[in-house]
Each structure stands twice: as structure tokens, then as C-alpha cells.
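Please examine the sequence and the structure shown below before reading on. The paragraphs that follow lead from the strands and the core to the ligand and the annotated residues.

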Amino acid sequence: MKIVIINGPNLNLLGKREPSIYGSESFDAFFSRLKASFPDHQLEYFQSNIEGEIVNKIQETGFSYDGIILNAAAYTHTSVAISDAIAAVQTPVIEVHISNIYAREEFRHKSIISKNCAGMISGLGLEGYMLALSYFIHQDQRHA
Ligand code: DQA
């Protein structure tokens, strides 16, 4: 399967950024482990701090890839443009958050992208990305 992980703003600092909330592993280190665990699948990773670049990546991959795993970070709570991009494409999107957004500040409790996503995983750390990937793979095997 061809799956892209898209990470939004400040997630390039994973490992250094508020480790008590986001953990101490960099995304690159995690992504290497992920690729090693799923060698039969084509996994791509994209990160941007810029809203329009995230919209572009969703559009670019959203008609040809089998799945998009998206952590839109702070844009989760604000971006109509990203929410509309998810609705516009055909590829299913799973929303992931490393932290439990419902256990944090009130402004993080609302995701304006969830309603356009196949599902959402929040609060399970980096393992959330792995679970989203397993879901796409199992769904595909079920429908094969
Ligand atoms: C986050 C949660 C968001 O509220 C926050 O702005 C982030 C990361 C998470 O992965 O827990 O940057 O999406």
C-alpha cells in the first residue's frame, strides 16, 4: 500500500519540543522504526509548518495514495482550508494526535477536521501513527 504521513506545524521539533507531552523520540527515528516494521508497504513522510503546503500535499496524494495519516497539529483547531481539502479528496484520512487533546486546554478540544476523517486517534503517543497504519493495512487485506 502507498501511505503518506503528513505532520503539521512544530512537529519537526518532536523529541525536543515539550517532551513531557510529546515524548523524547524524534519523528525521523520513529519513522525509521515504522518503515522497518512495515517493509512491504510504501511509506512516505511529509512535514510542513505552512498551512497551504499541507493543503497541497493532501491534494497531491489524495487521488492516488491508499491512505493519509494526518496530524495537522495546531491547524486541527483552526483550518477550514485543511478540513475542506480532506473532504475534497478520495483517499481516506485518519487524524492522529500524539497527546490526548481532550485532556488539555479547552481550545484543543475541538477538531474542525474530524468530521471529514475516517477516524481519529488521540493520546496514544507516536503509537497512534502505527495503529492508523495497521488499520489501513488490515482494511485492505479484508477487502482483498
Ligand atoms: C497535537 C495537538 C495539538 O493541539 C497541538 O497544537 C500540536 C500537536 C498532538 O499531536 O497532540 O501541535 O496535534
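Helices (H or I, at least four residues) and strands (E, at least two) are DSSP runs, numbered from the N terminus. The model is predicted: local features need pLDDT of at least 70, side-chain atom pairs count only at pLDDT 80 or more, and totals for chains, interfaces and linings use all residues. Residues are numbered from 1 along each chain as its sequence is written.

Two strands are said to pair if DSSP finds at least two bridges between them. Strand 1 runs parallel to strand 2 (residues 42–47), and six bridges join them. Within this pairing, I6 stands opposite F46 of strand 2. Strand 1 also pairs with strand 3 in the parallel sense, over five bridges, and here I5 stands opposite I69.

The next topic is the nonpolar core, meaning a set of buried Ala, Val, Leu, Ile, Met, Phe, Trp, Tyr and Cys residues joined through C-beta atoms within 7 Å. The largest nonpolar core has 23 residues, of which I6, I68, I69, L70, I82 and A132 touch the most other members. The elements that give two or more residues to this core are strand 1 (2–7), helix 3 (51–61), strand 3 (67–71), helix 4 (80–88), strand 4 (93–97) and helix 5 (127–142). Leaving aside neighbours within four places in sequence, I69 is in contact with I3, I5, I94, V96, Y129, A132 and L133.

Which residues are around the ligand? A residue is counted as near a molecule if its C-beta atom, placed from the backbone, lies within 6 Å of it. The residues around the ligand are N10, N71, A73, A74, T76, H97, I98, S99, I101 and R108. For sorting by class, Ala, Val, Leu, Ile, Met, Phe, Trp, Tyr, Cys and Pro count as nonpolar, Asp, Glu, Lys and Arg as charged, and the others, Gly among them, as polar. The shell has four nonpolar, five polar and one charged residues.

Two residues of this shell call for attention to the backbone. Most residues other than glycine have a negative phi, and most peptide bonds are trans. N10, although not a glycine, has a positive phi of about 75°. N10 belongs to the loop between strand 1 and helix 1 and is partly exposed, with 14 other C-beta atoms within 10 Å. A73 likewise has a positive phi, near 50°; A73 is found in the loop between strand 3 and helix 4.

In an unreviewed entry, UniProt places the feature "binding site" at N71, H77, D84, I98, S99 and R108. These positions are spread over 38 residues of sequence and are also spread in space, up to 23.9 Å between C-alpha atoms. S99 lies in the loop between strand 4 and strand 5 (119–122) and counts as partly exposed, with 17 C-beta neighbours inside 10 Å. R108 is in the loop between strand 4 and strand 5; not counting residues up to four places away in sequence, R108 touches H77 and I101.

The unreviewed UniProt entry also gives the annotation "active site", which covers Y22 and H97. They span 76 residues in sequence, yet no two of their C-alpha atoms are more than 9.6 Å apart, so they gather at one spot. Y22 lies in helix 1 (residues 19–22). Is H97 buried or exposed? H97, found in strand 4, is buried, with 21 other C-beta atoms within 10 Å. Y22, by its count of 19 other C-beta atoms within 10 Å, is partly exposed. Leaving aside neighbours within four places in sequence, H97 is in contact with N71, S122, G123 and G128.

How values were computed
Buried ≥ 20, exposed ≤ 12 C-beta atoms within 10 Å, placed from the backbone. Contact = placed C-beta atoms within 7 Å. UniProt positions renumbered as here; feature names shortened; annotations may be inferred.
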